[in-house]
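Me: Hello! I am new to this structure and would like to learn how to read it. Could we go through it feature by feature?

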Amino acid sequence: MAGSRYAYVRNFELPDPVLPNTYMLVRIDGKGFHRFSNDHNFTKPNDGKALELMNEAARFVMNDLRPEITLAFGESDEYSFLLRPSCTLYKRRSSKLVTHIVSLFTSAYVFNWSKYMDCSLQYPPSFDGRLVIYPSQKEVKDYFAWRQVDTHINNLYNTTFWALVLQGNQTEREAHETLKGTVSSDKNEILYNRFQVNYDKLPAMFRKGTTLAWDARPEKLNEGEGAQEKKPEKVKARLRTLHVDIIGSHFWSESSKQKREVSQLESNEQQPWEDQDRTTDTNSLGFTALKP
Ligand SMILES: Nc1nc2c(ncn2[C@@H]2O[C@H](COP(=O)(O)OP(=O)(O)OP(=O)(O)O)[C@@H](O)[C@H]2O)c(=O)[nH]1
Ligand SMILES: [Mg+2]
Ligand SMILES: [Mg+2]
């Protein structure tokens, strides 16, 4: 079909494909959430409901793009999505992938706002996004370790900072001064000795962030109805919401002993807002995070 005399402008659209057969990582981050969280009275330092809203939006993205995103990790106002190397969505065009994910996430965040938050939205929130390519599983695991270490460092600092301000009656400037030059053990001690807070007992979602992963275990079938006809290999993977260590090798390991540790961690640390998709038995988990 012949184009109009204006159609040449199309040639200015440069291709932006991502290298084939590599891991694509899309990270989205809230724009100006320091202000946004204040304007919407988020609990300091962590607002469990606001974090669950982030998780809900991320689950929507993963379900919508199923099965291309194999793993996601969220903390604070950010979420990271790992796309499998074989993904051919949008012919792997970088701009299309990033804008689609960031747009889906944002609309799901707004759509589900009232389900989690008591106050009304004061103005539309927005998120930015970027795509990074990683060539091998090593970089992918190190990427997620980097984000979870960041979660820990920020959360320990923020928890101690706000304890000094809200319970210790320090000004924000004084609290920053108190924490200057301190290491992790100092902050743990301040929390324990001055505020009787055992950091390790704080909710796992705050300390470890949230990991979303597909659990490929066949679902338990009810005795009787339909049980015989249903073939386990056809069972769809379930999306699991986890608050576990993903830095150590056990999260990524196939061994059942280590899988048990993951599920025990979860069930021991259940919080009021963590009652969905929890594992209560210690049967094997079958995460498929790094599948091609
Ligand atoms: N009170 C509270 N604040 C939060 C929570 N989660 C995120 N925030 C706020 O969101 C900010 C996120 O940090 P950044 O993404 O670095 O900062 P930002 O203000 O969003 O700035 P840009 O990302 O550069 O646009 C934190 O510094 C907090 O101020 C929460 O659970 N409770
Ligand atoms: Mg931000
Ligand atoms: Mg951020």
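Reply: Helix H3 covers residues 94–111, 18 residues in total, and reaches 26 Å from its first C-alpha to its last, close to the 26 Å expected at 1.5 Å a residue. That expected span is 1.5 Å times one less than the number of residues. Helices (H or I, at least four residues) and strands (E, at least two) are DSSP runs, numbered from the N terminus. This is a predicted model: local features need pLDDT of at least 70, side-chain atom pairs count only at pLDDT 80 or more, and totals for chains, interfaces and linings use all residues. Residues are numbered from 1 along each chain as its sequence is written, while chains are lettered from A and ligands numbered from 1 in the order in which they are written.

Me: Which residues of H3 are buried?

Reply: A residue is buried if 20 or more other C-beta atoms lie within 10 Å of its own, exposed if 12 or fewer, and partly exposed in between, with C-beta atoms placed from the backbone. In H3 the buried ones are Leu97, Val98, Ile101, Val102, Phe105, Thr106, Ala108 and Tyr109. Seen down the helix axis, the buried residues of H3 fall within an arc of 165°, so they line one face; the arc is that of the directions from the axis to the C-beta atoms. An α-helix has 3.6 residues a turn, so residues three or four places apart point the same way.

Me: What do the buried residues of H3 pack against?

Reply: They pack against strands E1 (23–30), E3 (78–83) and E4 (127–134), and against helices H2 (48–64) and H4 (113–116). Contact here means that the C-beta atoms of two residues, placed from the backbone, lie within 7 Å.

Me: Which residues touch the most other members of the largest nonpolar core?

Reply: In soluble globular proteins, nonpolar side chains tend to be buried together. A nonpolar core is a set of buried Ala, Val, Leu, Ile, Met, Phe, Trp, Tyr and Cys residues joined through C-beta atoms within 7 Å. The largest one has 44 residues, and Ala72, Leu82 and Phe105 touch the most other members. H2 gives the most to this core, with eight residues. Leaving aside neighbours within four places in sequence, alanine 72 has contacts that include Ala58, Met62, Leu82 and Leu212.

Me: How many bridges join E2 to E3, and how many join E2 to E5?

Reply: Two strands pair if DSSP finds at least two bridges between them. E2 and E3 run antiparallel and are joined by six bridges, while four bridges link E2 to E5, also an antiparallel pair. Phenylalanine 73 stands opposite serine 80 in E3, and in E5 the bridge partner of phenylalanine 73 is threonine 211. As for burial, seven of the seven residues in E2 are buried.

Me: Where is serine 76?

Reply: Serine 76 sits in the loop between E2 and E3. In that hairpin, with two residues between the strands, serine 76 takes a positive phi near 50°. Serine 76 is buried, with 20 other C-beta atoms within 10 Å.

Me: Which residues does the UniProt annotation "binding site" cover?

Reply: The unreviewed entry lists Asp29, Gly30, Lys31, Gly32, Phe33, His34, Ser76 and Asp77 under that name. They span 49 residues in sequence, yet no two of their C-alpha atoms are more than 12.1 Å apart, so they gather at one spot. UniProt positions are given in the numbering used here, feature names are shortened, and annotations may be inferred rather than shown by experiment.
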